[in-house]
Structures are given as C-alpha cells and as structure tokens.
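Please read them with the structure open.

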Amino acid sequence: MQIVLLGPPGAGKGTQAVRLAKAMQLPHISTGDILRQNVKADTQLGQQAKGIMDKGLLVPDALVASMLDERFNNADIKKGFILDGYPRTLAQAGMLDQILMKKNIAVDLVVYLDTADEVIIKRLTGRLVCSKCGANFHITNMPPKEKGICDNCGGSLYQRTDDVETTVRKRLDVYKNEVSSLIEFYTKQNKLHKLAADLDPQIVLGQIIDLSRALK
Ligand code: ADP
Ligand code: ZN
C-alpha cells in the first residue's frame with residue numbers, strides 16, 4: 001500500500017510515519033530526512049539544498065524528484081511505503097504519479113494531518129529528532145525517557161537548524177501557498193482523508209491504520 005502523509009510542518013507527519021511504518025511493516029520515506037542525510041554527508045545535492053532548507057524554502061522539484069526516483073529503485077518498496085514530506089507542490093504530485101506509473105503502482109491513500117498554527121510553532125521550536133532512526137520527541141510534550149537519547153534506538157537527539165521560529169513561520173507560509181492545489185488534486189481522485197492532528201499521537205495513528213484497513 002502506498003500512503004502519502006500531507007500536512008503543515010509540525011503536523012506530526014514524521015512522528016506518524018515512523019509509527020505507521022513500524023505498525024504496517026512498510027518503509028518510511030521522508031524527503032526531508034534524505035535531504036538532511038545529504039547535507040550531513042556533504043554530497044553535491046546536500047550542498048545545493050542546505051542554504052535553501054535553512055531559509056525554509058523548497059528545494060527545486062527536479063532535484064527532489066530524481067532523489068526520490070532513486071529511492072524507489074530500492075527493492076524494499078515492493079509492498080508499499082509511507083511517504084512523508086512529498087509531494088509539496090502540484091508539480092511534485094504529477095511527478096510522483098509518473099514515477100509510480102513506471103512501476104505499475106499508484107498512491108492509494110492520502111492522509112491530511114490538520115493542525116492549528118500556534119500548535120505548530122510550539123511543537124517545532126521544542127522538537128528533538130533522532131539522528132539515527134528519525135523518531136521525533138519534544139522537550140516538554142513528548143520528552144525521551146533519557147535526556148538526549150532516542151527511546152526507540154538509543155541514537156542521539158538533536159534540534160534541526162530549521163526549527164527556529166523565523167524559519168518555522170517561513171515554512172508555514174510556503175506550505176500554505178502550495179497545499180490547496182494538492183488537496184484539490186487528491187480530493188478529485190477520492191484519495192484524501194482529513195484528520196485532526198492536534199489529538200494524541202496514538203489516537204491519530206489508530207485512525208490512519210483504520211483508513212488503510214478500509215482500503216484492503
Ligand atoms: P517539515 O515538513 O517539518 O518542514 P521536512 O523534513 O519534511 O520538514 O522538510 C525540511 C525541508 O526540506 C523543507 O523545508 C524543504 O526545504 C526541504 N524539502 C523536504 N521535502 C521537500 C520536497 N518534497 N520538495 C522540496 N523541498 C523539500
Ligand atoms: Zn532513534
């Protein structure tokens with residue numbers, strides 16, 4: 001099953017994607033994570049992306065699409081995947097369909113995680129991310145059992161350089177500019193399901209799993 005998680009930065013796409021991937025035994029593909037790995041490894045792509053990401057802007061579609069195309073060549077997507085952070089523009093949604101069509105698969109379910117702006121700012125400026133498995137924690141809302149250490153894998157936690165308030169606000173602006181066309185695109189295909197993402201993460205997870213079961 002091919003699942004896409006849509007929603008503003010801080011809606012909990014990463015949190016849900018990690019849990020969903022575990023529950024459904026599917027790979028979690030996050031374009032943000034792949035980009036950050038490239039930045040960390042100082043690849044050519046990473047060098048091109050870093051400044052853009054720190055400003056809260058979008059990395060050019062062509063770069064992200066070829067990165068994704070490459071990721072989809074990995075055999076682990078045979079049973080499907082949880083896609084997090086892509087598509088972000090209508091053009092990207094079209095490119096995704098093209099990439100998947102070559103493999104005779106399509107997006108099955110799009111979950112839109114709806115969240116209020118104030119919640120987003122609080123969540124992101126306090127967010128901690130695992131450097132190893134990508135799991136998300138929060139300084140006050142969802143602290144790790146041991147300070148600075150991931151509950152899942154023992155990796156070290158860090159704060160993303162784009163999780164400062166000015167960049168978070170820019171990311172929200174960019175997101176709002178693009179999302180309505182994506183909502184329309186997936187609503188027309190009857191694939192979009194909107195969930196209130198301000199609820200407890202386990203409740204949201206249960207709702208996503210129910211949606212995916214209904215499709216089987
Ligand atoms: P968030 O959803 O919280 O903003 P991500 O980790 O998904 O976080 O993305 C972080 C940054 O990586 C984005 O602000 C953007 O610069 C870049 N990025 C991630 N995915 C894409 C994409 N599909 N297209 C363009 N840029 C992207
Ligand atoms: Zn971890």
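**Notes on the predicted model**

1. Start with Thr 167, which lies in helix H7. This is a predicted model. Thr 167 counts as buried because its relative accessibility is 8%, and the cut-off for buried is under 20%. Leaving out residues up to four places away in sequence, Thr 167 touches Met 53, Asp 54, Lys 55, Gly 56 and Asp 162.

2. Is Val 179 buried or exposed? Its relative accessibility is 9%, so Val 179 counts as buried. Val 179 and Leu 90 are 89 residues apart along the chain, yet their C-alpha atoms are separated by 8.3 Å.

3. Next, the overall fold. The protein has eight helices and eight strands. Its C-alpha atoms fill a box of roughly 45 × 40 × 35 Å along the principal axes. The radius of gyration is 16 Å; a compact globule of 216 residues would have one near 17 Å, so the two agree. Of the 216 residues, 49% count as buried. Among contacts with a separation of 6 or more, 70% come from residues 24 or more positions apart.

4. Which residues touch the most other members of the largest nonpolar core? They are Leu 6, Ile 29, Phe 72, Leu 83, Leu 96 and Tyr 186, out of 30 residues in this core. Two or more residues come from each of strand S1 (2-6), H2, H3, helix H4 (61-71), strand S3 (81-84), helix H5 (90-101), strand S4 (109-114) and helix H7 (165-188). Another core lies apart from it, with 20 residues, including Ala 17, Val 111, Leu 113 and Ile 209.

5. Setting aside neighbours within four places in sequence, Ile 29 is in contact with Ile 34, Leu 68, Arg 71, Phe 72, Ile 77, Phe 81, Ile 82, Leu 83 and Asp 84. Of these partners, Phe 72 and Leu 83 are also named among the residues that touch the most other core members.

6. Now the second largest pocket. About 520 Å³ of space lies in it. Its lining has 24 residues, and the closest to its centre are Asp 33, Arg 36, Gln 37, Lys 40 and Tyr 158. Which element gives the most to this lining? H2 does, with six residues. At least two residues each come from strand S2 (28-30), helix H2 (31-40), helix H3 (44-55) and strand S5 (127-130). By class, the lining has eight nonpolar, seven polar and nine charged residues.

7. Check the backbone at Pro 87. The peptide bond from Tyr 86 to Pro 87 is cis, with omega near -5°. Pro 87 is placed in the loop between S3 and H5.

8. Two positive phi values need a look. Asp 42 is not a glycine, yet its phi is near 55°. Asp 42 sits in the loop between H2 and H3. Asn 104, also not a glycine, has a positive phi of about 60°. Asn 104 is in the loop between H5 and S4. Its relative accessibility is 74%, so Asn 104 counts as exposed; the cut-off for exposed is over 50%.

Terms used: Residues numbered from 1 in each chain as written. Chains lettered and ligands numbered in written order. Predicted model: local features only at pLDDT ≥ 70, side-chain atom pairs only at ≥ 80, totals over all residues. Heavy atoms only, no water. 1 Å grid on protein atoms, 1.4 Å probe; cavity = no way out; pocket = protein on both sides within 12 Å on 5 of 7 lines; lining within 4 Å. Points joined across faces, edges and corners; volume = space filled by probe spheres on them. Helix = DSSP H or I, 4+ residues; strand = E, 2+ residues; numbered from the N terminus. Nonpolar A, V, L, I, M, F, W, Y, C, P; charged D, E, K, R; others polar. Core = buried A, V, L, I, M, F, W, Y, C linked by side-chain atoms within 4.5 Å. Buried < 20%, exposed > 50% of the residue type's maximum accessible area, 1.4 Å probe, protein only. Contact = heavy atoms within 4.5 Å. Rg over C-alpha atoms; globule rule 2.2 N^0.38 Å.
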